[in-house]
Amino acid sequence: MAKIGASLFEEGVEKGERKGEREVIIEILNQRFGEAFDKRLEENIRKANEETINQIKKNILNITLEELKEILK
């Protein structure tokens with residue numbers, strides 16, 4: 001599953017090169033979580049360090065909303 005997630009992420013990055021990696025992450029998570037993915041989470045992703053971003057990328061298809069919130073604390 002992680003390989004599929006990485007593949008989908010890379011595909012998303014290729015399609016969204018102009019948006020940047022963080023914007024692609026935000027788009028994917030927004031699609032996964034809908035209205036539960038709010039502006040505060042978006043801003044936290046934009047401000048997150050590389051280690052946090054890498055952790056989100058690695059688990060983007062499996063991460064729960066609660067896990068995401070915990071990672072972004």
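The paragraphs below walk through a pair of helices and the nonpolar core of this predicted model. Local features need pLDDT of at least 70 and side-chain atom pairs count only at pLDDT 80 or more, while totals for chains, interfaces and linings use all residues. Residues are numbered from 1 along each chain as its sequence is written, and side-chain values use heavy atoms, with hydrogens and water left out.

Begin with helix α2 (residues 21-33) and helix α4 (residues 50-58), whose axes come within 11 Å and cross at roughly 40°. That angle makes α2 oblique to α4 (angles under 35 degrees count as roughly parallel, over 145 as roughly antiparallel, 65 to 115 as roughly perpendicular and the rest as oblique). Glu-21, Arg-22, Ile-25 and Leu-29 of α2 make the contact with Glu-50, Ile-53, Ile-56 and Lys-57 of α4, where contact means heavy atoms within 4.5 Å.

Of its 19 residues, Ile-25, Leu-29, Phe-37, Ile-45, Ile-56 and Leu-68 touch the most other members. The largest share of this core, six residues, comes from α2. Leaving aside residues up to four places away in sequence, Ile-25 touches Phe-9, Ile-45, Ile-53, Ile-56, Lys-57 and Ile-60.

Finally, Thr-52 lies in helix α4 and counts as buried because its relative accessibility is 13% (buried means under 20% relative accessible area, exposed over 50%, partly exposed in between, with a 1.4 Å probe and protein chains only). Thr-52 touches Ile-71 and Leu-72, again not counting residues up to four places away in sequence.

Methods
Axes fitted to C-alpha atoms, helices over the stretch in contact; angles between N-to-C directions. Helix = DSSP H or I, 4+ residues; strand = E, 2+ residues; numbered from the N terminus. Core = buried A, V, L, I, M, F, W, Y, C linked by side-chain atoms within 4.5 Å.
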